[in-house]
Amino acid sequence: MSDAVIVTGITLSYLLLVLWVGVRARGKGTGSSLEQYVAGGRHVGVLILFFILGAEIFSAFAFLGTPGWAYKHGAPALYILAYLSLIPIIIWVMGPRVRELGKAHGYLTQADLIAHHYRSPGLGAFAGIISVVALIPYLAIQIAGAGLLFQAATGGLVPFWLGALLAFLVVAAYVYCSGLGGIGWTNLLQGVMMVAIAWFLGWAVTDRLFGGVGPMFEQIQLQMPEYLVMPGATGVMGWGAFSTAILVSAFGGAMWPHLFMKFYTAENDRTLRQVAVFYPLFAYLLVPLLLIGFAGILVFADQPLARPDEVLLKLVMDVAGFSPWVTGIMLSGALAAAMSTGANLAHTAATIAVRDILCISVMRKASERAVVRAIQLGVLVVSLLGYLFALYNPASLVAVLLGAFGIIVQLMPMVVGALFLPALTKQAVIAGTLLGSGLTLLYQFYLPSPLQFHPGFWGFLLNLLVVALWQWLFNNKTDAVASKV
C-alpha cells in the first residue's frame with residue numbers, strides 16, 4: 001500500500017467521522033427553530049462555547065500561516081500570542097451585555113443590535129453587507145488551506161480542487177442539517193484533535209531535528225540571531241507596527257461577526273466569563289506551531305522555501321521522516337482547524353445574508369420556518385462562493401485577510417455605542433466608520449502608513465476623533481437651541 005493511499009484513507013475516515021457527529025447533532029433538536037438553528041437555543045455551555053470560540057483562532061491560517069510567518073520573519077510572529085491574550089478582556093466586558101440585550105430583544109446577529117439601537121434597518125443592512133463581503137474571503141482561506149493540505153500530504157493523489165471540495169462538502173452538509181448544534185459538537189471533536197496534533201508535532205519535530213527546543217534556539221542565536229530580535233529578519237515589523245498590530249487585531253477580532261454572534265448563545269453571564277478566563281489557553285496552544293516555524297529557519301537556511309506557508313508540511317513529510325500513518329493523522333488535525341473555522345464562517349455569513357438583508361426586503365413577512373430554510377440554503381450558496389473564490393486565486397487571500405482587521409475594527413465605536421453609550425448618535429458613528437475605513441484603505445493599499453503603524457490604527461483614531469467631534473458639536477447645538485427656547 002503506497003504512502004499516499006494510507007494518508008488519503010486516514011483522512012477520508014476522519015471526514016466521515018466529522019460528518020456523522022455533525023449530522024447526528026440534528027437529532028438533539030438543534031435545528032427545529034430559528035433561535036436554535038442560529039444561537040443554539042441560547043443555552044450553550046462552557047465547554048462547547050470554549051471550543052466554538054477557539055475555532056476562530058485555530059484555522060487553516062493558524063496551521064499554515066503561523067509557522068510560515070515565524071519561518072519567514074522570526075520574532076514578529078509573537079504578536080499573535082500578544083493579541084490573543086487581550087481578547088478575553090473584551091469577552092469579559094462586552095460579552096455579558098451582548099447576551100443580555102440579545103435575550104431581551106431577540107437579537108441573533110450583530111446587525112440586529114445596530115439596527116434596533118440606532119432605529120435604522122438600513123444601517124443594519126449596511127453592516128450586514130460589509131460582514132458578508134468580509135466573511136467570504138475569510139471562508140475561502142479555509143477552503144484553500146484544505147485543498148493545499150490534501151494536495152501536499154497525498155503527493156498530488158488528491159488534487160487541490162478535490163481536496164478543498166471534499167472538506168467543505170462535509171462542512172456544508174452538517175451545518176445545513178444541524179446549525180450551531182452541529183458546529184458545537186464537531187468543534188469539540190476537532191478542537192481536541194487539532195490541539196493534540198499541534199502539540200505532538202511541535203515537540204516531535206524539534207526533538208527529532210535538534211534534540212529539543214532549547215538546542216534549536218541556541219543554534220538560531222549563533223547562526224541567525226536577527227530572527228530573534230525586532231524588527232525580524234526581513235524588517236517587516238518594528239515596535240510601532242508590532243504594538244499597533246496587537247491592538248487592531250485584539251479589538252478587530254472581537255468585532256468579527258462570527259465571534260460576536262456567539263455571545264448570544266451563552267447559557268448565562270457566568271458561562272461567558274468562564275470562557276474568557278480559559279480563552280488564553282488557545283494562545284498557549286499556538287506555541288508549538290510557532291516552534292515549527294523557527295525550526296524551518298535552520299532546516300531551510302540554504303534553500304529557502306518559495307512558499308513560507310508550506311514549512312509545516314515540508315518539515316513533517318520531507319525532513320522529520322514521519323510514517324504515512326502519522327502524516328495522515330497530521331493532515332486530519334490540520335483539516336480540523338480549517339473545517340471548524342469554515343463551519344462558523346459559513347453559518348454566520350448565511351445567517352447575516354438572510355436575517356439582515358433578505359428579511360428587510362424580499363422576505364419581510366416570511367415565517368420562521370421559511371427563514372430557517374433560507375439560511376440552510378444560504379449555507380450552501382456561501383460555501384460555493386467561498387470555494388469558487390479559493391479556486392480563482394488562493395494566493396491573494398492572505399493579503400485580503402490581513403487588511404480586513406483594519407476595516408472590521410472600525411465597527412467598534414458603533415457597537416460600543418449600542419451597548420454602553422446610548423447618547424452616541426447614528427450620524428456620528430456612521431461618519432466615523434466611513435472616514436476611518438477610508439483612511440485605513442488609503443494607507444493599506446496606496447500610501448505608506450506613518451511611523452509604519454498598522455493602517456487600521458490610524459483609521460481607528462480618526463474614527464474616534466470624528467465621533468467625539470460630532471457628538472461635541474451636536475450637544476453644543478442642542479444646548480444652544482434649548483437655551484433659546
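This passage walks through the overall build of one protein chain and then looks at some of its residues in turn.

The structure is a predicted model, in which local features need pLDDT of at least 70 and side-chain atom pairs count only at pLDDT 80 or more, while totals for chains, interfaces and linings use all residues. Residues are numbered from 1 along each chain as its sequence is written, and side-chain values use heavy atoms, with hydrogens and water left out.

Along the principal axes, the C-alpha atoms fill a box of roughly 85 × 55 × 40 Å.

Of the 485 residues, 58% are buried. For this term, a probe of 1.4 Å is used on protein chains only: buried means under 20% relative accessible area, exposed means over 50%, and partly exposed lies in between. The chain exposes about 19700 Å², with carbon and sulfur atoms supplying 68% of that area, as computed by the Shrake-Rupley method with a 1.4 Å probe, where for residues only the protein chains shown count as cover. A contact means heavy atoms within 4.5 Å. Among contacts between residues at least 6 apart in sequence, 84% join residues at least 24 apart.

Charge comes next. The chain carries 23 positive and 17 negative side chains, and the centres of the two sets lie 16 Å apart. Lys and Arg count as positive and Asp and Glu as negative, with His and the chain ends not counted; each charge is placed at NZ of Lys, CZ of Arg, CG of Asp or CD of Glu. Side chains of opposite charge can pair when their charged atoms come close. Five salt bridges are present in the structure, each being a side-chain nitrogen of Lys or Arg within 4 Å of a carboxyl oxygen of Asp or Glu.

One of these pairs is Glu-35 with Arg-42, whose closest N and O atoms are 2.8 Å apart. Glu-35 is partly exposed at 34% relative accessible area, whereas Arg-42 is buried at 10%. Another salt bridge joins Glu-100 to Arg-97, with 3.5 Å between the closest N and O atoms. These two residues sit three apart in helix 6 (residues 87-105), about one helical turn from each other. An α-helix has 3.6 residues a turn, so residues three or four places apart point the same way. Glu-100 is partly exposed at 42%, and Arg-97 is also partly exposed, at 28%.

Asp-269 and Arg-99 meet in a salt bridge as well, at 2.8 Å from N to O. Asp-269 belongs to helix 13 (residues 269-278) and Arg-99 to helix 6, so the pair ties together parts that are 170 residues apart in sequence. Asp-269 is partly exposed at 26%, while Arg-99 is buried at 13%.

In helix 3 (residues 46-54), seven of the nine residues are buried, including Ile-48, Phe-50 and Leu-53. Their cover includes helix 6, helix 9, helix 13 and helix 17 (324-357). Val-171, in helix 9 (residues 160-210), is buried at 1% relative accessibility. Setting aside residues up to four places away in sequence, Val-171 touches Met-339, Gly-342 and Ala-343. Val-171 and Leu-380 are 209 residues apart in sequence, yet their C-alpha atoms are 9.6 Å apart in space. Thr-433, in helix 21 (residues 426-445), is buried at 7%. Beyond its neighbours within four places in sequence, Thr-433 is in contact with Gln-410, Met-414 and Asn-463.

Some loops have backbone features to look for. The peptide bond from Met-230 to Pro-231 is cis, with omega near 10°, and Pro-231 lies in the loop between helix 10 (213-223) and helix 11 (239-255). In the loop between helix 21 and helix 22 (455-484), Leu-451 has a positive phi near 60° without being a glycine. Gln-452, found in the loop between helix 21 and helix 22, is not a glycine either and has a positive phi of about 65°. Leu-451 is exposed at 64%, and Gln-452 is exposed at 57%.

How values were computed. Helix = DSSP H or I, 4+ residues; strand = E, 2+ residues; numbered from the N terminus.
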